[in-house]
Amino acid sequence: MTIQNTEASVKIENLTSNPFSKLSGVHQDDPLSATLFNLILDSLIKKLNLIVVSLKMKQIVTYADDVAFLTRSLKAIKEIFHKLPNEATLVRLSINEDKTKNMQIKGIGIKDITHLKIDNFAFESVENFNYLGSILNADNKMNMEIAERIAKGNTAYYANAKLIKLKFLKKNTKMKIYKMMIRPVVTYSSETWTLTAKDENNLHIFESQILGKLFGPVNIDNICRTRNNMEIDKLIEGADIVRFIKAQRMKWLGYIQRMDQARPTRKLLDWKPMGTIPVGRPRQ
């Protein structure tokens, strides 16, 4: 491997330590590390035979070392974990019990459980968790995710506040800073959002506050006042954050439609859910 049977020294200021041998083959930041890990994990997942979208009781979603198992019954998830640890041990991988969480989607007929116990493992049950930067929750609602993204957007604004407040910067330049460094933080993964009227209003409020600070107050007859929503909408020519999100969703839809029919994402677009819908009026 790239580091095995090599020597290294530690240098502090002008002093250098005696050389010492490197016994490990690959370190975490080694260029080969990610490639080797992906190859091993890919081989492990193929052995589990779960990569068929929406057609089985057991499915899997993976990105690097972030792995999510999706099942339609408690029995199915237990069947996976009876096999997974043994296969993982063969390639010297192990399950991190503390970082692994169980989330039950509400309304599918499984009794609530505080902890999921399988063999020697006990996984904490949660109402929501962060997966690849997005908050997933048991109700499958977007309000918590949007609130989190707005909070991160405010953090991004204050991180760039000194730059935005420079007097010699033109408003067009400040607008570019907003579109390139602040708005993308809020709209991350927005292609998958289903917005309610309340969600849209919260996004409008966030953008109005940020753009109000960006463009500054209006001075009429030596009296300063905050710009209203109509004035801000005119300055950005109607291209507000909600319209941007809807445009991104349409682009994402077009991208999926152009995918090969064998791609899992393309299959999901054409997939028709099995079973019956629950009693009562469904969410829009």
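In the predicted model, strand β9 (residues 121–125) pairs with β8 in the antiparallel sense, the two being joined over 4 bridges. Within this part of the chain, His115 is placed opposite Glu124, a residue of β9. The pairing belongs to an open sheet of 3 strands, arranged in the order β7-β9-β8 and mixed in its pairing. The edges of this sheet are formed by β7 (101–102) and β8 (115–118), each of which pairs on one side only. Helix α2, spanning residues 74–90, packs on the sheet through contacts with β8 and β9, and the direction of the helix makes about 50 degrees with that of β8.

Two single residues were examined in their surroundings. Ser134 is part of strand β11, which covers residues 134–137. Because its relative accessibility is 13%, and the limit for burial is under 20%, Ser134 is classed as buried. When neighbours within four places in sequence are left aside, the contacts of Ser134 are with Phe129, Glu145, Tyr188 and Ser189.

Ala64, by contrast in setting, is located in a loop, namely that between β5 (58–63) and β6 (66–71). With a relative accessible area of 40%, Ala64 falls between the limits of 20% and 50% and is therefore partly exposed. Residues up to four places away in sequence not being counted, Ala64 touches Phe37, Asn38 and Leu41. As for Asp42, which is 22 residues from Ala64 along the chain, the C-alpha atoms of these two residues are separated by 9.4 Å.

How values were computed
Residues numbered from 1 in each chain as written. Predicted model: local features only at pLDDT ≥ 70, side-chain atom pairs only at ≥ 80, totals over all residues. Heavy atoms only, no water. Buried < 20%, exposed > 50% of the residue type's maximum accessible area, 1.4 Å probe, protein only. Contact = heavy atoms within 4.5 Å. Pairing = 2+ DSSP bridges. Axes fitted to C-alpha atoms, helices over the stretch in contact; angles between N-to-C directions.
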